[in-house]
Amino acid sequence: MKTGHVALNVTDLARSTAFYREVFGLEVLAERTEGDQRFALLGDDGALTLALWQQSAGAFPTGRPGLHHLSFEVADIAAVREAEAVLRGLGVTFAYDGIVPHGEGASSGGVFFTDPDGVRLEIYAPSGADTAPAPTPGSPTCGFF
């Protein structure tokens with residue numbers, strides 16, 4: 001079994017579509033931007049990766065049961081650095097300062113941030129993040145502690 005695609009409720013379809021396209025380089029596979037049933041299906045090479053549904057108000061409730069965060073693996077730490085530069089250009093707030101390892105002694109790691117609706121996100125590489133100290137000693141970085 002593997003994950004097929006992720007679907008998120010968003011408050012502003014145009015804003016979220018632009019964000020995910022800019023950060024992840026996704027293409028719009030299908031969309032409806034008018035009327036009561038607004039959505040965008042985003043993907044890569046024609047394969048659906050992310051569905052956005054304009055069906056919510058407010059911000060993502062991190063203190064409630066449900067989704068904790070979404071994690072996206074990239075090929076290497078250079079790709080994480082490229083994503084970090086894009087995110088900084090967008091004025092995104094990071095959970096930690098820059099690229100950090102997943103934990104003490106880990107080589108894997110990346111950047112941790114939120115989307116425009118407050119959904120916690122991670123872009124990481126399997127190795128190369130061990131140049132910085134782990135920000136949460138004794139706990140996984142992806143815990144967003």
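This is a predicted model: local features need pLDDT of at least 70, side-chain atom pairs count only at pLDDT 80 or more; totals for chains, interfaces and linings use all residues.
Residues are numbered from 1 along each chain as its sequence is written. Local features need pLDDT of at least 70, side-chain atom pairs count only at pLDDT 80 or more, and totals for chains, interfaces and linings use all residues, while side-chain values use heavy atoms, without hydrogens and water.

Ile 77, Val 80, Ala 83, Glu 84 and Leu 87 are the buried residues of α2 (buried, under 20% relative accessible area; exposed, over 50%; partly exposed, in between; 1.4 Å probe, protein chains only). These residues lie on the same side of α2 because they cover an arc of only 110 degrees around the axis, taken from the directions from the helix axis to the C-beta atoms. Glu 82 and Gly 89 are exposed on the other side. The buried residues of α2 pack against α1 (13-24), β7 (109-114) and β8 (120-125), with contact meaning heavy atoms within 4.5 Å.

Helix α1 has twelve residues and reaches 16 Å between its first and last C-alpha, close to the 16 Å expected. Its buried residues are Leu 13, Ser 16, Thr 17, Phe 19, Tyr 20 and Val 23. Their arc of only 160 degrees around the axis puts them on the same side of α1. Gly 25, which follows α1, has a positive phi near 70 degrees.

Conventions: Helices (H or I, at least four residues) and strands (E, at least two) are DSSP runs, numbered from the N terminus. The expected span of a helix is 1.5 Å times one less than its number of residues.
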